[in-house]
Amino acid sequence: MRHFLQVFRFEFFNYAKNKVFIAITLILVAAAGVVLFFPQIQSVFSAEESSPPAQEQPADEPTGGVVAVSGLTAEEMAGLAAALTDSRLQLSEENADQLQAEVANGTYEAAIVVTGELSYTYIAETLGLYDMTTAVVDEYLLNRYRATQLTSLGASTETIETVLGARVESTILQTENGTDQMQSFFYTYILLLALYMAILLYGQFVATSVATEKSSRAMELLITSTKPKYLMFGKILGTGSAGLLQFILIFGSCFVFYNLNKDSWQENEIIQSIFNIPTDILLYAILFFILGYFLYAFMYGALGSVVSKLEQLNLAVLPVTFLFVIAFTVVVASLSSGDTENLLIQICSFVPFTSPMAMFVRIAMGSVPVWQILLSVGILVLSTIAVGFAAAAIYRAGVLMYGKPPKLRELVAVLREKA
Amino acid sequence: MKLEVRNLTKNFGEKEVLKGISFTAEAGSATGLLGRNGAGKTTAIRMIMGVFGGGGEILADGAPIRRDKINIGYLPEERGLYPKKPIAEQMVYFACLRGMKTRDAKAAVKKWLARLEMEEYADKKLDTLSKGNQQKIQLATALLTDPELIILDEPFSGLDPVNAMLLKDVVTEQINIGKTVLFSSHQMNYVEEFCRTIAILNQGKIVLNGNLSEIKRGYDRRKILLRTQNAEAMAAALQNLPDGIAAHIDTAPNLVTVQLQKAEDKKALAAFLGTCSADFDSMAVYEPSLNDIFVEYTED
């Protein structure tokens, strides 16, 4: 046990005292600080700038380019302009072909050619990802049509306004175990990304660290000084603890910064939803980080021990990295589609190599029966232990193999011999 | 502590590297494991260190060796420490791994760095040192825990004569305070100076084993070397030797070698030389150097 603690301490401080490691942590904490203090920082700057009276630009002036409108009366266009606040509308008598040419040569940013009661052509050079113009025009024309029809049926102006201005009020009630996916999407995404990065990053740290000890030949002195299991477990726990500490520092400072600036972020729903992570989800994230990290760190450690030179390491760890990246891709695809209960992710949430991320996302984004969580965690724990034993045996045999990386067949033979 | 190795065997795949070797290393003396490149020295040492298993027995004071109980200092053939770590820090780490308390480890590191004249490098990274100095650090690391059994695999390779001398002094000190020292080498001059027993390993087998001076005495003492300024005159004079004394006479520049028929005849030869006109500088019985013995036993 004392030996394990020695190795643990050495490996932990290997990172915790490393200048690059400390610098990266501080930079990330500082970056989080800048982002979360942004409203305050902004207000300091804008306070300085706006101190001379700002008269030149009225606040509501549209910021977009000029959009030509044809086929509407001036009065109708004013109505449309009230809805399309971002663009400056200009009435035009030209036909669609002429306007298309003018949009092409840059005279107008876009053009709206109303061709009938319920039809129009929208001419634009680039259709922006968030261009809402057509939706606004659709709504405007539809209301115009409804108003015309209602007038012809003899409705009064007030009635028409009431009818068209009617809005539905909705109240959403959720059962206790459910999750609001809109609310949970962002923090789930961020925690998933953190899980992915942490497991991959620190797992590879372990592989590199083992391979370095091998290529520098410190390994022979190490394994004659203490037992390989202490070396391996000490290294994996030491690296994992340093990693966890780093993440806790970064995420913890985000929380502190957010809470210091809570008032400034009240209007930003995304930021608010990110920091409204329920405690149990956070605990699940830590649980799956620990289990997933161990599972992958064992594999990375074993692979690190079979290469003789650092240069061979990237190739050797490729299969494991691939496995993990594929798992991540599957989970992210499901998360983005909003369907976190599809068959694939359900299967993935029980397969140990994918379950840390898959089960976590299922829990965060929906309601998973308790027995499924227990089963998934149980499988994960058992496989981690099994992989741990196999990794320790490979490590024991691999640390002194130099030359060509051993073939799988040879490794199996070594494992048999040990058993 | 007495280290006994009995009938060690080891195969790497098809290749039989050790074919049943046995030797003994006693407390208060140095035992040299000698052999050409690839003879199996490092394999034997690694088996003693438990780096890998194989056939045979390794006994410490008559009982199977308990490596976790016995304090062993080890200098591996493939030198290896952390190149990017400060020297004192990693020395303390290795000492702690081998069971020392941190405080004692720090004191031992200080002591050994001073003994090997390396104090100024304590906080330097290992890879900033020259190869010879790195080797001194490696030796200091092996001796930190004050081990009763010291195993040095090729300790002299890469050391300049001054550092080799320093190493020799350190090892001699350890021998004098009763430590058991086992080391491998193919540099016979160093071995000859402080090894009491040797084991010559050739192609996985011990071809010669025992007390070095006894081995040397074991060679027949019929060969007499006569150093002279005029070898031809001496050779001519020796033609008049009474019959039955010399079996064979060889001449080389400044040296005449007389192979006697019986070792006891050297006095008769001396008596003859007293009467003969040819001058000579010295007369000596030929004793093989360790180098000669080594070459004799390991030549293909």
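**Entry 1: around B:V109.** I opened this predicted model at B:V109 and looked up its partners, leaving out residues up to four places away in sequence. B:V109 touches B:A88, B:M91, B:V92, B:A95 and B:L144.

**Entry 2: the cores.** Next I asked which residues have the most contacts inside the largest nonpolar core. B:V109 is on that list, together with B:A95 and B:I151 from chain B and A:L195, A:V331, A:M357 and A:F360 from chain A. The core has 139 residues. I then looked for the element that gives the largest share of this core, and I found helix α12 of chain A, residues 279–306, with 15 residues. Another core lies apart from it and has 18 residues, including A:M77, A:L99, A:A111 and A:I123. A general reminder to myself: in soluble globular proteins, nonpolar side chains tend to be buried together.

**Entry 3: chain B as a whole.** I noted ten helices and 14 strands in chain B. Its radius of gyration is 24 Å, whereas a compact globule of 300 residues would come near 19 Å. Along the principal axes, the C-alpha atoms of chain B fill a box of roughly 75 × 45 × 35 Å. Of its 300 residues, 38% count as buried. I also checked contacts between residues at least 6 apart in the sequence of chain B, and 68% of them join residues at least 24 apart.

**Entry 4: a sheet in chain B.** I followed an open sheet of four strands, and its order is β2-β1-β4-β5 with antiparallel pairing.

**Entry 5: where the chains meet.** I found 14 residues of chain A in contact with 17 residues of chain B. On the chain A side, α1 (2–16) and α9 (218–225) each supply at least two residues. Which of the elements gives the most to that side? I found α9(A), with seven residues. By type, the chain A side divides into six nonpolar, six polar and two charged residues.

**Entry 6: domains of chain A.** Last, I looked up how chain A is divided: domain 1 covers 66–165 and domain 2 covers 180–418. Taken over C-alpha atoms, the centres of these two domains are separated by 54 Å.

Notes. Residues are numbered from 1 along each chain as its sequence is written. Chains are lettered from A and ligands numbered from 1 in the order in which they are written. This is a predicted model: local features need pLDDT of at least 70, side-chain atom pairs count only at pLDDT 80 or more; totals for chains, interfaces and linings use all residues. The radius of gyration is taken over C-alpha atoms; the globule rule is 2.2 Å times the number of residues to the power 0.38. A residue is buried if 20 or more other C-beta atoms lie within 10 Å of its own, exposed if 12 or fewer, and partly exposed in between; C-beta atoms are placed from the backbone. Two residues are in contact if their C-beta atoms, placed from the backbone, lie within 7 Å. Domain bounds come from an automatic or database domain assignment. Ala, Val, Leu, Ile, Met, Phe, Trp, Tyr, Cys and Pro count as nonpolar, Asp, Glu, Lys and Arg as charged, and the others, Gly among them, as polar. A nonpolar core is a set of buried Ala, Val, Leu, Ile, Met, Phe, Trp, Tyr and Cys residues joined through C-beta atoms within 7 Å. Two strands pair if DSSP finds at least two bridges between them.
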